Amino acid sequence: LHRQVWVSGGSIFVDLHISNKTHRPVKRVDLSLERAVLCYKHAAAATLEKMSSQVRISETSERLILAKTSQRHDCDGWSGTEVYTSDARTCELQVPRGHATVKCGKYFEVRYFLNVAASLSNSKVVSVQLPIILIHMNSLDVLPNSVAQVAAAIEEKRFQQRQKTCDQAFQIPKH
């Protein structure tokens, strides 16, 4: 993956490099998007490291495959990866709309994974699971600052600095 953050409702592109060092050809590549919802009974314990969410064990876990795509040999212009050769290709997976990663809170979190599996002709599978972050399309809408807003913010900051200077100048020393 050339990035970790993807937009819900768009496509995920993954560049695959298959190096087949077996005596059987790679006949199929499967991509799937998996959602994991982890639920906790208790809030996270307070720690000095602030990383307690990483060591928490969930009470329940719901896993669901949201999208799948397959590339088979002799389909879509791909002839598979022959014995003792390598192949590079880019695959695409459509992400359904309305999904977003939710960071670990007190009681739940939502994670997403891209699963990539390459199948040999004897049904052996080599797979990898890549964590990804999904964001909603609306989170890309950032309103540009207008000149008036910037000027007002600068004036407010200057006013606060002058007010602070005046307050310090008129303080009565304590004896």
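**Entry 1, ground rules.** I worked from a predicted model, in which local features need pLDDT of at least 70 and side-chain atom pairs count only at pLDDT 80 or more, while totals for chains, interfaces and linings use all residues. Residues are numbered from 1 along each chain as its sequence is written, and side-chain values use heavy atoms, with hydrogens and water left out.

For burial I used relative accessible area: buried is under 20%, exposed is over 50%, and partly exposed lies in between, with a 1.4 Å probe and protein chains only. The core has 23 residues, and Ile12, Leu33, Leu114, Ile132 and Leu134 touch the most other members. At least two residues of this core come from each of β2 (11-20), β3 (26-39), β5 (85-94), β6 (108-120) and β7 (125-135). Strands here are DSSP runs of E with at least two residues, numbered from the N terminus. β6 gives the largest share of the core, six residues.

I then listed the contacts of Ile12 (heavy atoms within 4.5 Å). Leaving out residues up to four places away in sequence, Ile12 touches Leu1, Trp6, Leu33, Cys91, Glu92, Leu93, Val95, Leu114 and Ile132.

Is β6 mostly covered or mostly open? I found eleven of its 13 residues buried, so by the cut-off of under 20% the strand is mostly covered. For pairing, I required at least two DSSP bridges between two strands. β3 and β6 pair in the antiparallel sense over 13 bridges; Asp30 has Ala117 in β6 as its bridge partner. β6 and β7 also run antiparallel, joined by eight bridges, and Val116 has Val128 in β7 as its bridge partner. β6 and β7 form a hairpin with four residues between them, and Ser123 in the turn has a positive phi of about 65 degrees.

My criterion was a side-chain nitrogen of Lys or Arg within 4 Å of a carboxyl oxygen of Asp or Glu. The structure holds five such bridges, and I noted three of them here, with these partners.

The side chains of Glu34 and Arg63 meet at 2.8 Å, N to O. Glu34 is in strand β3 and Arg63 in strand β4 (residues 60-72), so this pair ties together parts 29 residues apart in sequence. Glu34 counts as buried because its relative accessibility is 10%, whereas Arg63 counts as partly exposed at 48%.

Arg35 forms a salt bridge with Glu62, with the closest N and O atoms 3.5 Å apart. Arg35 lies in β3 and Glu62 in β4, so the pair ties together parts that are 27 residues apart in sequence. Arg35 is buried at 17% relative accessibility; Glu62 is partly exposed at 44%.

Arg111 and Glu109 also meet in a salt bridge, at 3.2 Å, N to O. I read Arg111 as partly exposed at 35% relative accessibility and Glu109 as buried, with a relative accessible area of 6%.

Where does Tyr84 sit? I placed Tyr84 in the loop between β4 and β5. Tyr84 is not a glycine, yet its phi is positive, about 55 degrees. Its relative accessible area is 59%, so Tyr84 is exposed.

How values were computed: A nonpolar core is a set of buried Ala, Val, Leu, Ile, Met, Phe, Trp, Tyr and Cys residues joined through side-chain atoms within 4.5 Å.
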